[in-house]
Amino acid sequence: MTTPSQLQQYEQLLGKYLPANAVKPIIQFVLDNKIFFKIMPPRSSKLGDYCAPTPAMPIHRITVNGDLGKAEFLWVTLHEMAHYQTKKQYPRRVRPHGIEWQRNFADNIRKYLQLDCFPQNSLPAIRQYIAKLPLSPSANDRVMLSFRQVGQQQPANPVITPDNLQPGDCFALQGRTFQIVEKKRTRYRCLCLENRQMYSISAIATVQPLKKS
């Protein structure tokens, strides 16, 4: 049983990452469903993930990157919560982002819209995203970019993503240098110039473009 002191600690911790109105309901969801929830260091390959129980780790797990803005952190959390909900509803395998998951994600978004958890400038993009099924990956990208543009004061410093670049272009991300090889739907195959390994990087990752030598 969670004590009032533990609840306060959870609220103080997640208050650093989530919009204020989302903190208590997210904590309640995690506790009610006995989910292991972990805030992770930045990962170039993903913003969050959900893992179903395994013999080695018999518990549902959700992780979210800790370098995200509050609205983006909530969005990714709701995305992973929808994976958990879909797994519980459909124990047999369904498509990871199939119509079952999409319904759950859209329902989660609507709930937190009612709680006034998202910035005003993002509301049109969010409402467009959940207006009909199937959900559109490109509409999701527009929502994520709207989160990152909140509070930007200087047009000279826009958010740059791999979608703004071309194959062969280079960019810096999390202390490494990458070169774009090709696009795969919502991700890019990129070569890390330091270790010569290939990475899959989100099309909406915020990157620093580099000039060609």
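Predicted model: local features only at pLDDT ≥ 70, side-chain atom pairs only at ≥ 80, totals over all residues.
# Note on the sheets, cores and pocket

1. Strands β6 and β7 run antiparallel and are joined by 5 bridges. Two strands pair if DSSP finds at least two bridges between them; strands are DSSP runs of E of at least two residues, helices are runs of H or I of at least four residues, and both are numbered from the N terminus. Within this pair, Cys-190 has Tyr-199 in β7 as its bridge partner. β6 and β7 form a hairpin with 5 residues between them, and Arg-196 in the turn has a positive phi of about 65°.

2. Residues are numbered from 1 along each chain as its sequence is written, and side-chain values use heavy atoms, with hydrogens and water left out.

3. A second hairpin is made by β5 and β6, with 2 residues between the strands. Arg-185 in that turn has a positive phi of about 55°. Strand β5 covers residues 176-184 and strand β6 residues 187-192; the two pair in the antiparallel sense over 6 bridges. Gln-179 stands opposite Leu-191 in β6.

4. Where do these strands sit in their sheet? They belong to an open sheet of 5 strands in the order β7-β6-β5-β4-β8, with antiparallel pairing. At the edges are β7 (198-202) and β8 (208-210), each of which pairs on one side only. On average, neighbouring strands here are turned by 45° against each other, direction ignored; the axes are lines fitted to C-alpha atoms, for helices over the stretch in contact, and angles run from 0 to 180 degrees between N-to-C directions. Strand β4 (residues 170-173) pairs with β8 in the antiparallel sense over 3 bridges, and Cys-170 stands opposite Leu-210 in β8.

5. Another open sheet has 3 strands in the order β1-β3-β2, with mixed pairing. Its edge strands are β1 (36-40) and β2 (48-51), each pairing on one side only. From one strand to the next the twist averages 15°. β2 pairs with strand β3 (residues 61-65) in the antiparallel sense over 4 bridges, with Cys-51 opposite Arg-61 in β3.

6. The largest nonpolar core has 42 residues, and Ile-26, Leu-74, Trp-75, Leu-78, Phe-105, Phe-118 and Tyr-129 touch the most other members. Elements giving two or more residues to this core are α2 (20-32), β3, α3 (70-89), α4 (99-114), α5 (123-129) and α6 (137-148). The largest share, 9 residues, comes from α3. Apart from this core lies another, of 13 residues, among them Leu-165, Leu-173, Cys-192 and Tyr-199. A nonpolar core is a set of buried Ala, Val, Leu, Ile, Met, Phe, Trp, Tyr and Cys residues joined through side-chain atoms within 4.5 Å.

7. Is Leu-18 buried or exposed? Leu-18 counts as buried because its relative accessibility is 1%; buried means under 20% relative accessible area, exposed over 50%, and partly exposed in between (1.4 Å probe, protein chains only). Leu-18 lies in the loop between α1 (4-14) and α2. Leaving aside neighbours within four places in sequence, Leu-18 is in contact (heavy atoms within 4.5 Å) with Val-23, Ile-26, Lys-70, Phe-73 and Leu-74. Ile-26 in turn touches Leu-18, Leu-74, Thr-77, Leu-78, Met-81 and Tyr-112, not counting residues up to four places away in sequence.

8. Lys-211 is placed in the segment after β8. Lys-211 counts as exposed because its relative accessibility is 84%. Lys-211 and Gly-69 are 142 residues apart in sequence and 28 Å apart in space, C-alpha to C-alpha.

9. The largest pocket has a volume of about 1100 Å³. Of its 37 lining residues, the closest to its centre are His-79, His-83, Pro-96, His-97 and Trp-101. At least two lining residues come from each of β2, α3, α4 and α6, and α3 gives the largest share, 7 residues. On a 1 Å grid over the protein atoms alone, a pocket is an open set of points where a 1.4 Å probe fits, with protein on both sides within 12 Å along at least five of seven lines; lining residues have an atom within 4 Å of a point. Grid points are joined across faces, edges and corners, and the volume is the space filled by probe spheres set on the points.
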